[in-house]
Amino acid sequence: MAAPPPPPLPRPDADSQDWRPLSPHLSVYKPQLTSGMSIFHKITGIGMAGGVVVLVAWLACLALGKETYDTLMALLTTPVGQILLFGWTWAFFYHLCCGIRHLLWAAGWSLSIKAVYVTGYIALAVSTLLTLGLWAMILGRGGLPWL
Amino acid sequence: MALMRSPTGRARGLGSSKDGTSHWFGQQIAAIALIPLSLYVLTTFMLQVVLGNGYESALAWMQNPLNAIAMILMLSVGIIHGANGAISGLIEDYVHHRVLHLLGLLAIKFTAALTLIAGVLSVLKILLGA
């Protein structure tokens with residue numbers, strides 16, 4: 001005899017006829033380091049999509065000649081341009097550190113709750129240090145150590 | 001597992017698309033490739049723009065064939081990784097309205113293709129001096 005179907009699970013969108021599992025409803029969770037970092041991984045990823053468009057605009061202006069290039073560089077070297085570039089630098093290093101964390105998880109490492117928190121704090125610290133370090137190197141010495 | 005699906009859901013046939021693993025695997029491979037590529041390209045790129053380096057300096061940097069190869073590789077892998085990430089992480093997770101979902105997918109794919117081709121053509125023009 002077949003088991004009767006389970007009763008529908010209560011869920012926020014109660015009008016839906018379909019009660020398969022959903023992506024998390026973010027608003028019902030207490031904020032945690034883990035969920036916060038996951039959300040920031042998405043936000044920094046989306047933010048870098050804007051950064052890539054600026055990078056390609058920079059390449060296109062460079063290809064179009066000196067005048068166009070100077071116009072774009074005038075925009076990028078304004079305070080607002082530099083703040084955006086600083087933000088993209090941090091987004092890049094953050095997404096990189098979190099991405100390495102994802103690769104570790106994919107390989108089956110650091111999956112315990114404790115390891116998730118330890119690597120989370122490490123990723124936050126390292127991405128911030130790399131961002132500040134890169135800007136300090138560029139601004140302080142006029143170049144990178146290897147260039 | 002059939003019990004996990006409603007009759008409406010079964011009739012519509014909109015279950016797993018069966019390609020989740022290849023999407024995930026592709027993102028991991030792109031991520032591994034992007035670690036060295038983006039670290040090299042973006043730190044040297046930042047040197048050009050943060051210091052406000054002039055046209056000749058930037059041109060010389062991009063005319064170095066190794067830099068041009070690294071830039072084209074990073075743009076290709078990075079834009080595909082980014083488009084896939086935005087489609088699964090943003091559109092598929094949070095945009096459930098059918099029309100908005102479709103428009104979002106189209107916008108991401110078209111923007112990604114346009115950005116990638118514009119970037120690669122720019123690098124080639126700079127490299128070949130056409």
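This is a predicted model: local features need pLDDT of at least 70, side-chain atom pairs count only at pLDDT 80 or more; totals for chains, interfaces and linings use all residues.
**Entry 1: the fold of chain A**

I began with the secondary structure. Chain A has 4 helices and 0 strands, and reading from the N terminus I get the order α-α-α-α. Next I looked up burial: of the 147 residues in chain A, 23% are buried. I also checked how far apart in sequence the contacts reach. Taking contacts in chain A between residues at least 6 apart in sequence, I find that 60% join residues at least 24 apart.

**Entry 2: a look at A:L33**

I then picked one residue, A:L33, which sits in helix 1 of chain A, a helix covering residues 33–64. Is A:L33 buried or exposed? A:L33 has 12 other C-beta atoms within 10 Å, so I log it as exposed; the cut-off for that class is 12 or fewer. Which residues does A:L33 touch, once I set aside neighbours within four places in sequence? I noted A:Y117 and A:G120. I also took a distance to A:W88: that residue is 55 residues from A:L33 in sequence, and the C-alpha atoms of the two are 21 Å apart in space.

**Entry 3: helix 1 of chain A against helix 4 of chain B**

Now for the other chain. For two packed helices, the description I want is the angle between the axes and the distance between them. Here the partner is helix 4 of chain B, residues 65–94; its axis and that of helix 1 of chain A come within 10 Å and cross at roughly 135°. That angle makes the pair oblique, because only angles over 145 degrees would count as roughly antiparallel. I noted the crossing as left-handed.

Which residues meet there? From helix 1 of chain A I wrote down A:K42, A:G45, A:I46, A:M48, A:A49 and A:V52. Facing them from helix 4 of chain B are B:G78, B:I79, B:G82, B:G85, B:A86, B:G89 and B:L90. Sorted by class, the residues of this contact come to 7 nonpolar, 5 polar and 1 charged.

**Entry 4: the whole interface**

Last, I stepped back to the two chains. I find 41 residues of chain A in contact with 40 residues of chain B. On the chain B side, helix 1 (7–12), helix 2 (20–50), helix 3 (55–63), helix 4 and helix 5 (98–128) each supply at least two residues. Which of them gives the largest share? Helix 2 of chain B does, with 13 residues. By class, I logged the chain B side as 22 nonpolar, 15 polar and 3 charged residues.

Conventions
Residues are numbered from 1 along each chain as its sequence is written. Chains are lettered from A and ligands numbered from 1 in the order in which they are written. A residue is buried if 20 or more other C-beta atoms lie within 10 Å of its own, exposed if 12 or fewer, and partly exposed in between; C-beta atoms are placed from the backbone. Two residues are in contact if their C-beta atoms, placed from the backbone, lie within 7 Å. Axes are lines fitted to C-alpha atoms, for helices over the stretch in contact, and angles run from 0 to 180 degrees between N-to-C directions. Angles under 35 degrees count as roughly parallel, over 145 as roughly antiparallel, 65 to 115 as roughly perpendicular and the rest as oblique. A crossing is left-handed if the near helix is turned anticlockwise from the far one by less than a right angle, and right-handed if clockwise. Ala, Val, Leu, Ile, Met, Phe, Trp, Tyr, Cys and Pro count as nonpolar, Asp, Glu, Lys and Arg as charged, and the others, Gly among them, as polar.
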